There are 2 protein chains.
Amino acid sequence: MSKVNENFLNLKDDYLFSKITQKTNEFKNNNPDKKVISLGIGDVSLPLSPAVIDAMHKAVDEMAHQETFKSYGIVQGYQFLIDKIKKVEYEKRNIFLDNDEIFIAAGSKGDLAGIIELLSINNIVGIMDPIYPAYVDTNIMMGRNDIKYFKATEENNFVPDIPNEHIDIIYLCSPNNPTGTVFNKTQLQDWVNYAKEHKSIILYDSAYEIFIQDNNIPHSIYEIDGAKEVAIEFRSFSKLAGFTGVRCSFTVVPKELKAYTKDNKPIDLNSLWRRRQSAKFGATSYITQRAAEAVYSDKGQEQVRKNIKYYQDNSNYIKQELKKIGMTIFGGTNSPYIWLKIPNNMSSWDFFDLLLNKTAVIGTPGIGFGNCGEGYFRLTAFSSKEDTKEAVSRIVDLFRKDL
Amino acid sequence: MSKVNENFLNLKDDYLFSKITQKTNEFKNNNPDKKVISLGIGDVSLPLSPAVIDAMHKAVDEMAHQETFKSYGIVQGYQFLIDKIKKVEYEKRNIFLDNDEIFIAAGSKGDLAGIIELLSINNIVGIMDPIYPAYVDTNIMMGRNDIKYFKATEENNFVPDIPNEHIDIIYLCSPNNPTGTVFNKTQLQDWVNYAKEHKSIILYDSAYEIFIQDNNIPHSIYEIDGAKEVAIEFRSFSKLAGFTGVRCSFTVVPKELKAYTKDNKPIDLNSLWRRRQSAKFGATSYITQRAAEAVYSDKGQEQVRKNIKYYQDNSNYIKQELKKIGMTIFGGTNSPYIWLKIPNNMSSWDFFDLLLNKTAVIGTPGIGFGNCGEGYFRLTAFSSKEDTKEAVSRIVDLFRKDL
């Protein structure tokens with residue numbers, strides 16, 4: 001009799017976004033005349049840049065002719081893309097990586113889920129709270145139920161303190177989803193030092209790196225001394241270049257990084273990851289990798305930065321207008337996410353209902369990202385400029401009277 | 001201290017293809033004047049069909065404009081593609097599937113590796129021998145070391161007999177890689193009956209389905225009575241339409257299919273797989289799904305079948321000419337793979353060396369696919385017509401004297 005992996009039965013219902021959709025649809029049915037605006041989307045809205053489109057057309061044409069056709073790709077990824085990533089993302093920040101330390105993939109989600117397969121079920125896992133829910137779920141699926149949480153609260157400005165217990169696998173996400181806050185160099189150095197001391201591994205999710213504006217905020221964890229010995233970095237083209245529907249990412253697994261056998265023998269995770277990818281991952285589409293390469297052309301860089309600026313203008317506007325009416329706001333500077341402290345001690349679902357019913361604006365209740373998210377609300381900068389202004393103006397009208 | 005998943009240390013060296021490459025490169029260095037021809041490639045060589053290319057250009061253009069831009073996709077896959085698969089692959093064979101029983105992915109490799117995460121480590125796994133090595137490796141990575149093998153030998157015409165022991169998870173691959181043999185309806189019905197009796201699950205890898213020519217060979221396991229209760233089917237556009245560098249596949253997880261808790265409670269694997277994909281898989285590229293849809297247009301069908309015919313002509317030629325000189329050949333009719341019985345009791349690596357050194361032709365030693373592969377050699381139909389003819393003529397010249 002085939003036996004199920006009972007760890008799956010320990011997953012909590014994945015109801016956050018389905019509950020939002022259900023409530024929104026109900027509201028729309030009851031209020032067909034009202035224009036609902038969503039500031040809840042964690043997804044880009046601007047189309048792909050012309051440099052990327054040109055590169056994709058060119059790659060599609062190559063696939064049409066025998067001489068230029070590309071069949072099975074290399075698991076590591078094409079060298080043309082690895083070269084660009086090394087140069088633009090790392091060498092200009094004085095980080096020097098070997099070609100085989102960068103792995104191209106079809107999205108960080110798969111790599112973040114896959115990397116933990118390399119590590120024993122007996123590790124102690126620590127995850128920020130609030131956080132993107134998939135970190136927790138993928139650990140529960142493997143049977144890691146005793147997850148520790150690093151609390152991100154107003155007291156620590158949503159940058160968790162170094163734990164005073166032992167943690168083997170540390171998930172850090174900066175710029176953070178959902179709080180929009182970032183680790184500065186000192187804070188990140190403290191975490192790297194902790195990991196070195198405890199021989200822990202940091203899984204550093206930096207999908208929103210392109211939104212970093214402040215000079216003292218590291219763009220890569222490898223700007224921090226000693227990080228190559230303890231950290232794996234996950235980066236994505238999803239937000240960088242609007243690739244959420246295209247699917248491209250890269251993961252850096254430095255050769256210095258080790259995990260240990262029961263007999264304390266160090267094992268190189270770089271070769272383990274390559275072996276895992278060879279057995280489980282069919283490489284990334286050639287056309288997609290050419291699209292990603294184009295992001296690093298001069299035109300590509302100019303065009304993607306223009307799009308990021310558009311989103312940044314939205315987040316600046318949201319922050320500024322809501323602060324004017326006395327609201328307490330976190331994030332939104334080095335991130336497309338605005339983390340709003342809900343006024344009047346309302347719960348985050350009550351605030352969701354209030355906003356929907358009174359203003360027809362959708363956001364995301366903080367509790368959906370973990371217990372420390374209760375009392376907070378996530379707004380995003382990914383809507384159109386016009387919709388963002390309209391939504392903010394409705395919220396301001398509602399709360400100006402109130403606050 | 002971070003602890004490694006020590007199961008990875010039980011993997012055997014993945015040396016088959018690297019050893020082939022190394023030996024080939026050595027030969028080329030020592031014989032710069034000789035033209036090496038490979039009949040060892042398990043990968044397409046013909047470029048994408050015009051209908052597919054047109055669809056991709058159109059989809060790329062959609063990604064350039066706000067009104068038609070596609071961001072995060074649906075984990076299940078786009079309905080436009082699911083509709084076509086239902087109709088062309090299943091309904092015309094009287095198989096009726098619900099929309100949410102078909103999952104679009106970026107290659108069967110990832111799904112074949114992922115699906116076993118849904119099943120307890122305590123299941124007994126049975127795998128055909130010889131076989132594509134990733135089935136074994138992905139189980140070893142999870143700690144399933146006690147794998148049973150279904151022997152495919154000349155005695156059973158490379159279609160393994162029903163086991164006389166209990167197996168929970170059964171891997172079947174038809175048309176088979178590497179032997180090129182297929183299960184007929186009676187044989188497959190026996191396996192389905194076994195699985196129903198034992199409440200086992202069959203993982204049915206049918207990546208080479210498009211090569212099936214004989215009328216009595218099922219194109220889908222769901223042509224077999226009761227299969228929906230016990231089988232998951234893995235299908236791919238890689239060989240069907242030359243998508244090895246594009247990456248698209250689909251997996252059918254019927255709602256009737258159950259695995260069981262310790263208390264014998266049946267658990268629906270369809271919802272578990274959706275939950276797994278939501279946490280670990282970032283959906284398939286929109287452009288790729290439009291490309292796959294185009295395979296099912298009238299033009300697309302005509303064009304991909306023309307390419308398959310080209311490969312079939314190659315395999316027919318290889319089979320026919322090698323049989324003429326008295327060689328014993330399996331497969332190659334419903335498959336691009338020709339499974340050659342090595343003459344004169346040579347080992348498969350010795351035969352590889354002989355062929356390379358005497359004819360400059362590359363093939364794949366059967367032992368690379370498992371112990372039952374010893375004494376056999378895989379040739380493939382994926383080279384050009386000209387190269388295939390030239391390679392066969394060299395082999396014939398060598399062995400005409402010998403046999």
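Modeller: A residue is buried if 20 or more other C-beta atoms lie within 10 Å of its own, exposed if 12 or fewer, and partly exposed in between, with C-beta atoms placed from the backbone. This is a predicted model, in which local features need pLDDT of at least 70, side-chain atom pairs count only at pLDDT 80 or more, and totals for chains, interfaces and linings use all residues. Residues are numbered from 1 along each chain as its sequence is written, while chains are lettered from A and ligands numbered from 1 in the order in which they are written.

Biologist: How do you know whether Asn344(B) is buried or exposed?

Modeller: Asn344(B) has 10 other C-beta atoms within 10 Å. The limit for exposed is 12 or fewer, so Asn344(B) is exposed.

Biologist: What makes the phi of Asn344(B) worth a remark?

Modeller: Its phi is positive, about 60 degrees, although Asn344(B) is not a glycine. Most residues other than glycine have a negative phi. Asn344(B) sits in the loop between strand S12 (337-341) and helix H11 (348-359) of chain B; helices (H or I, at least four residues) and strands (E, at least two) are DSSP runs, numbered from the N terminus.

Biologist: What can be said of the phi of Asn345(B)?

Modeller: Asn345(B) is not a glycine, yet its phi is positive, about 55 degrees. Asn345(B) is in the loop between S12 and H11 of chain B. With 7 other C-beta atoms within 10 Å, Asn345(B) is exposed.

Biologist: Which residues is Phe150(B) in contact with, leaving aside its neighbours within four places in sequence?

Modeller: They are Gly126(B), Ile127(B), Met128(B), Asp129(B), Pro160(B) and Pro163(B). Contact means that the C-beta atoms of two residues, placed from the backbone, lie within 7 Å.

Biologist: What is the peptide bond from Asp129(A) to Pro130(A)?

Modeller: That bond is cis, with omega near 5 degrees. Pro130(A) is in the loop between strand S3 (125-129) and helix H5 (134-142) of chain A. The bond from Ser174(A) to Pro175(A) is also cis, with omega near -10 degrees. Pro175(A) is in the loop between strand S5 (169-173) and helix H6 (185-198) of chain A. Most peptide bonds are trans.

Biologist: What makes up the domains of chain A?

Modeller: Domain 1 is 6-47 + 299-398 and domain 2 is 50-296, with bounds from an automatic or database domain assignment. The contact between them takes 34 residues from domain 1 of chain A and 40 residues from domain 2 of chain A. On the domain 1 side, H10(A) gives the most, with eight residues.

Biologist: How many residues does each chain give to the contact between chain B and chain A?

Modeller: The contact takes 67 residues from chain B and 67 residues from chain A. H8(B) gives the most to the chain B side, with six residues. That side divides into 32 nonpolar, 21 polar and 14 charged residues. Ala, Val, Leu, Ile, Met, Phe, Trp, Tyr, Cys and Pro count as nonpolar, Asp, Glu, Lys and Arg as charged, and the others, Gly among them, as polar.
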